[in-house]
Amino acid sequence: MSEKINNYFLVLFSLIPISIISGSLISLSNILLIDISFLILIMVNKDYSFLKSKPVKYLFLLYLYLIFNSLISTDREIGLARNLGFIRMIILFVAFNYFFNQKLFLKKVLYSWSIILCFILLDVFFESLNGKNIFGFGGGEYGGRLVSFFKDEPIIGGYINGFYLIIIGFLLNETNFKNKNVIVFLSALFLIGIFLTGERSNTIRAFLGLIIFYLAYKEYGIKKKIIFFTSIFVFFLLLISNSSFLKSRYVSQIKSYFHTNQIYFEIYKSGFEVFKDNKFFGVGNKNYRIETCNLDKKENYYCTTHPHQIYFEMLSEHGILGSILIFVVLYKIIFSKIVKTLRNNNYIMTASFIYLTLIFLPLLPSGAFFNDYMLTLFMINLSIFYSSSKAFNIFRKQE
């Protein structure tokens, strides 16, 4: 491969975090540019070895199911583009494996991502202190929740959560032991930044993720780990006690969850009711809103875009049979790798595995799994889980 072609892809991969922040159209355009360019490259090189790999076969199985899901949906057209478009994520997965098979390429991309994420973290702290980010976005439209560069969406905490463990794992792999203390401190700053956004579910996932990550991190003894997490917890308490916004988000509103008529419980109940009426294959991907918001909706249905919890989303939109197929595929490509992951000292792979696993925590609210934003973060982590590993990269070793 020529240096010019390599550098071309290096720029596209390095810009992935920026493209996501720039909006769905920019993110989609960047992914399609990677996909189309990569397809041209492999056709020129006539390298189709990836088609033999089990992860790719399982992803294509999922793709075929999603097409079938569109055909039996309540509204066939509304989910068709989303389901047909899943092919772009499969190609992206293969492209990650192809280019990250070059260790230098992986390093350059992840160093770029580290710089971008650190800059975004600084912007989160800036907005937390000043009420608006460095470009003037924010200002309390969402009850004090931070938006940073997302302008009008309070999802910056989930965005950081999608990348920060990968960055920490990469930096810990690359730095010497003395510098690793700095990286550990940086991981605490990322967690605090997510906490300040007021996104409760993402804060819980990020905190659990960091605990699991450092339990697996072999360079620190148990004493250092206890001190580290105790210090973060105490700092969280201090922040809550000195911020009415944080006290409301993490104390008052959590208490209200245990009272009747809490909105998420109503939505979860609605998701289960939709499942009961469509037990085998659900109402179809992206069709929950069609089912619950039409004029003839049933009394127990709650009109909203999706059930806001991954298991109720799967059951309501894919039914028991569709959900089983999806989770079998996820087990085969992710959860069946847990033993090999824990035995490996590759902390990039460990980080992405933890993120992928915590998406499936029960009860916690979540975004729609097949939504472009959520699916992009998921597939980035899945791609890095495989591509950063000598054992799992589909171009290095066929399973």
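Helices here are DSSP runs of H or I with at least four residues, numbered from the N terminus. This is a predicted model, in which local features need pLDDT of at least 70, side-chain atom pairs count only at pLDDT 80 or more, and totals for chains, interfaces and linings use all residues. Residues are numbered from 1 along each chain as its sequence is written, and side-chain values use heavy atoms, with hydrogens and water left out.

1. K276 and E273 sit 3 residues apart, about one turn, in helix α13 (residues 263–277). They form a salt bridge (a side-chain nitrogen of Lys or Arg within 4 Å of a carboxyl oxygen of Asp or Glu), with closest N and O atoms 3.3 Å apart. K276 is partly exposed at 36% relative accessibility, while E273 is buried at 14%; buried means under 20% relative accessible area, exposed over 50%, and partly exposed in between, with a 1.4 Å probe and protein chains only.

2. The rule gives 3 salt bridges. One of them joins D372 to R88, with 2.9 Å between the closest N and O atoms. This pair links distant parts of the chain, since D372 belongs to helix α18 (residues 372–387) and R88 to helix α6 (residues 87–100), 284 residues apart. D372 is partly exposed at 36%, whereas R88 is buried at 9%.

3. From α7 to α8. K107 and E174 also meet through their side chains, at 3.3 Å from N to O. K107 lies in helix α7 (residues 103–130) and E174 in helix α8, 67 residues apart. Both ends are partly exposed: K107 has 25% relative accessibility and E174 has 28%.

4. How α8 packs on α17. The axes of α8 (residues 156–174) and α17 (residues 347–358) come within 7 Å and cross at roughly 160 degrees. Axes are lines fitted to C-alpha atoms over the stretch in contact, and angles run from 0 to 180 degrees between N-to-C directions. The two helices are therefore roughly antiparallel, a label for angles over 145 degrees.

5. What lines that contact? Contact means heavy atoms within 4.5 Å. Among the residues involved are L165, I166 and F170 of α8 and A351, S352 and Y355 of α17. The contact residues divide into 8 nonpolar, 5 polar and no charged.

6. A look at S352. Leaving aside neighbours within four places in sequence, S352 touches I166, N381, I384 and F385.

Technical notes. Parallel < 35°, antiparallel > 145°, perpendicular 65-115°, else oblique. Nonpolar A, V, L, I, M, F, W, Y, C, P; charged D, E, K, R; others polar.
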